[in-house]
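Please look through the following model with attention to its fold, its core and the surroundings of a few residues. The briefing below is arranged by topic.

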Amino acid sequence: MSAKRICRDALMTAAALLMFMIENLFPPLLAFAPGAKIGLSNAVTLITLVIIGVPDAFAVLVIRCVLGSLVTGNPFAIVYSLSAGLISLGIQTALYMTVFPHISIMAISLSGAIVHNLVQLAIASLVAGANMFPILPLMLAASVVAGLAVGFIAWLTVRFLPKSAYA
């Protein structure tokens, strides 16, 4: 791995961690969806996937999840964020690698947001020992808002960021 690639991944990770920390200062995205956030750091991960590549996007995600849980003092959050993030990014990667010219970055982001919330509800159900899926409609509403917002941010960045900034 080259020093340039390590620096580029470190910058993307720092940006994602900064977005994560800033977002944690605000209340949930939707009052009726517990813990729902836009997930601005996911925009950085999606941008990394598109402009840098798959291994780098996974590295940014893993490091941001680990550091984010340590910075916030909630190491248990890694169970939710990392597992949901990995599966969500896996779906996004599959969509990007196979059907991207036919669907937009916003659609890929929306798919990732929906999968992310489904995985988090499944994990919450296992941890709590209770069915958490009755709140699925609320979480899906949050997924639509978050997925489209993150996708729009990623699309704008990819569209208008000069190639010289990352090539």
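Which residues have the most contacts inside the largest nonpolar core? They are Met12, Leu46 and Leu49, in a core of 19 residues, where a nonpolar core is a set of buried Ala, Val, Leu, Ile, Met, Phe, Trp, Tyr and Cys residues joined through side-chain atoms within 4.5 Å. The model is a predicted one, in which local features need pLDDT of at least 70 and side-chain atom pairs count only at pLDDT 80 or more, while totals for chains, interfaces and linings use all residues. Residues are numbered from 1 along each chain as its sequence is written, and side-chain values use heavy atoms, with hydrogens and water left out.

**Fold and overall dimensions**

- The protein has six helices and zero strands, counted as DSSP runs numbered from the N terminus (H or I, at least four residues, for helices; E, at least two, for strands).
- The radius of gyration, taken over C-alpha atoms, is 15 Å, which agrees with the value near 15 Å for a compact globule of 167 residues, the globule rule being 2.2 Å times the number of residues to the power 0.38.
- Along the principal axes, the C-alpha atoms fill a box of roughly 50 × 35 × 25 Å.

**Burial and surface**

- Of the 167 residues, 37% count as buried, where buried means under 20% relative accessible area, exposed over 50%, and partly exposed in between (1.4 Å probe, protein chains only).
- The accessible surface comes to about 8600 Å², of which 76% belongs to carbon and sulfur atoms, with areas from the Shrake-Rupley method and a 1.4 Å probe, and with only the protein chains shown counting as cover for residues.

- Leaving aside neighbours within four places in sequence, Leu46 is in contact (heavy atoms within 4.5 Å) with Gln92, Ile105, Ile108, Ser109 and Ala154.

- Ser109 is found in helix α5 and is buried, with a relative accessible area of 2%.
- The side chain of Ser109 reaches the backbone oxygen of Gly147 at 2.6 Å, and, with neighbours within four places in sequence left aside, Ser109 is in contact with Leu46, Gln92, Gly147, Val150 and Gly151.
- Ala14 lies in helix α1 and is partly exposed, with a relative accessible area of 45%.
- Ala14 and Gly147 are 133 residues apart in sequence and 21 Å apart in space, C-alpha to C-alpha.

Key:
Polar contact = N/O pair within 3.5 Å; in protein donor to acceptor, adjacent residues only side chain to side chain.
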